[in-house]
Amino acid sequence: MFQVLGKEIASMYTRDGVRLDADIYRPDAAGEFPVLLMRQPYGRAIASTVVYAHPTWYAAHGYIVVIQDVRGRGTSGGEFQLFTNEIADGEDTVNWAASLPGSNGLLGMYGFSYQGMTQLYAAIAKPPALKTICPAMIGYDLYTDWAYEGGAFCLQTNLAWAIQLATETARLRGDKQTYQALFAASRNLPLNNPEILQQLAPESFYHDWVAHPQPDAYWQELSPKTHFQNVDLPMLHIGGWFDTYLSGTLHLYKDMAARATTPQHLIVGPWAHLPWGRKVGEVDFGNQAASPIDEIQIRWFDYFLKGIDTGLFDNYPLYLFEMGSNMWQYISIINISNQKIYYLSTTGLASIREDAGTLTQNPQPTEHKDVLVHDPWRPVPSVGGHAAIASGVFERSHIDARADVLTYTSEPLTADLHLLGDVIVEISCTADQPSYDLCAVLSQVHPDGRVLNVTQGYLHCPDGTNNITKKIQLQTTCVCIPQGNALRLSLSAACYPAYAMNSGNGPVLHSDNLLNAQIITLTVTCGGEGSRILLPVR
């Protein structure tokens, strides 16, 4: 370990003349060192310390660490436009940082969320000095991995983030009145009336995102995936089982693992977007759930930037935390071929009685129907999972007791059930409105009656009056459900405010939509093989 010099502030200029400012942390020693770069929009002094060690810790391990404000944020010049300038600015920054005094010319990048995205955009330009990246919790395809899930707008997280960025913009501009109004809104999200963003932050990305509800050319141009096909860098991919953007992390990893010639490793902990710790929601996953990411990243960078064999490649490339057993496991591949199927069965009272809807491994020979009524006045609330604030595992028996939630419960398990992969729910249903939504939650029911969510998924259904089997992909999971617990599938027509509520004709994204929201009656058909849940069994 090295002693670390005091923080240095340095500036560079982009190819179009914009000044970007950075903090630099150096080992107090002679010689040349590799560079670690993080580019972020929240004020560089934060340096993502909500989930990572402070840059001085990395510098003490023999690295020059550069934390930069992206264009238009912190003290950097220019205008901030979400993701728009990060390819060129990323390339310019890598070239500048790699040529700093004391650099050996080799550079790696790290960071999560927006800081993970700046790594992908910089990699697209393929600057020669960039040798490896460690993207955490990112969106590869911004439409499917960040803004929309199953065609439904992820309202709560996107609105909260848009207001956060707009508030910081007002602060940087010295606009006290706008700052105070947006700050107040951030503490009490205007979920039914987000027009405050239109009034106070007309430049916000939020307006473009809601204006493009389909995966059109706008998303293709903005998404890293579109420009990433020639990128081949060693990558350490980092995610969380309850992270909002886990699908993006897995999307990128699977794409790179299938085509890259360089090593691709994946780490997924039991975490939400932040923090990365042992308690996620209401469940404590134990000492093993504490983040190992800083130590693993140092071993990764030591290998690719210093040529030191740190033993990382002595194990399988997937390092996954299995919830329930609460242990980390090395795995070679996620096997998607081994499935256990449960079929939905009902007496027709699954919205009224917990014992009326069941999950059985033998399909019910005759059809029975459950009717669910969604009232926009009192939509089913979001509790935990990956899309809500707060995310994670929560006790949800009070949600399942609602009459606008259908529940289907198995017999207690006779042996531990290990799941790894994508849970798929197929539902045969129809509605009395042109459009409706479906939320599916897989939970485990404990013998004492507690119901704890495992994973969930959401689907926007624009063809409401057609009786078509709907396929809902739930968030990828890795969990051991112990013997004695039962499985439960809960179905609803809303999960609000995690996702924008459906009015019967489309999403409710402002007060006019809410005024026109209709009661939706949904009919689910059980029996035969039409409605079922497919579990990825290890």
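The lining of the second largest cavity in this predicted model comprises 1 nonpolar, 2 polar and 4 charged residues. The residues concerned are Arg 71, Glu 79, Phe 80, Gln 81, Asn 85, Glu 86 and Asp 89, and the space that lies within this cavity amounts to about 40 Å³. A search of the whole structure returned 2 cavities of 30 Å³ or more, and the largest cavity has a volume of about 70 Å³.

The lining of the largest cavity is made up of 15 residues, among which Arg 396, Cys 439, Val 441, Ser 492 and Cys 495 lie nearest the centre. By residue class, this lining divides into 10 nonpolar, 4 polar and 1 charged. At least two lining residues are supplied by each of strand 21, which spans 436-445, and strand 25, which spans 486-492; strand 25 makes the greatest contribution, with 3 residues.

The largest pocket has a volume of about 1,100 Å³, and of the 40 residues that line the largest pocket, Trp 161, Gln 164, His 273, Leu 274 and Ile 389 are the closest to its centre. Helix 5 (155-173), helix 6 (176-187) and strand 11 (279-280) each provide at least two residues of this lining, with helix 5 accounting for the largest share, 9 residues. In terms of residue class, the lining of the largest pocket consists of 22 nonpolar, 14 polar and 4 charged residues.

For the second largest pocket, the computed volume is about 500 Å³, and the lining is formed by 26 residues, of which Thr 144, Asp 145, Glu 149, Ser 247 and Gln 473 lie nearest the centre. Two or more lining residues are given by each of helix 4 (142-147), strand 7 (148-149), helix 10 (246-259), strand 22 (451-461) and strand 23 (468-473), and the largest share, 5 residues, comes from helix 10. The lining of the second largest pocket divides into 10 nonpolar, 11 polar and 5 charged residues.

Thr 523 lies in strand 26, which covers residues 520-526, and its relative accessible area is 19%. Because this value falls under the 20% cut-off, Thr 523 is classed as buried. When residues up to four places away in sequence are not counted, Thr 523 touches Lys 369, Asp 370 and Val 371, as well as Ser 428, Cys 429 and Thr 430.

Terms used
Residues numbered from 1 in each chain as written. Predicted model: local features only at pLDDT ≥ 70, side-chain atom pairs only at ≥ 80, totals over all residues. Heavy atoms only, no water. 1 Å grid on protein atoms, 1.4 Å probe; cavity = no way out; pocket = protein on both sides within 12 Å on 5 of 7 lines; lining within 4 Å. Points joined across faces, edges and corners; volume = space filled by probe spheres on them. Helix = DSSP H or I, 4+ residues; strand = E, 2+ residues; numbered from the N terminus. Nonpolar A, V, L, I, M, F, W, Y, C, P; charged D, E, K, R; others polar. Buried < 20%, exposed > 50% of the residue type's maximum accessible area, 1.4 Å probe, protein only. Contact = heavy atoms within 4.5 Å.
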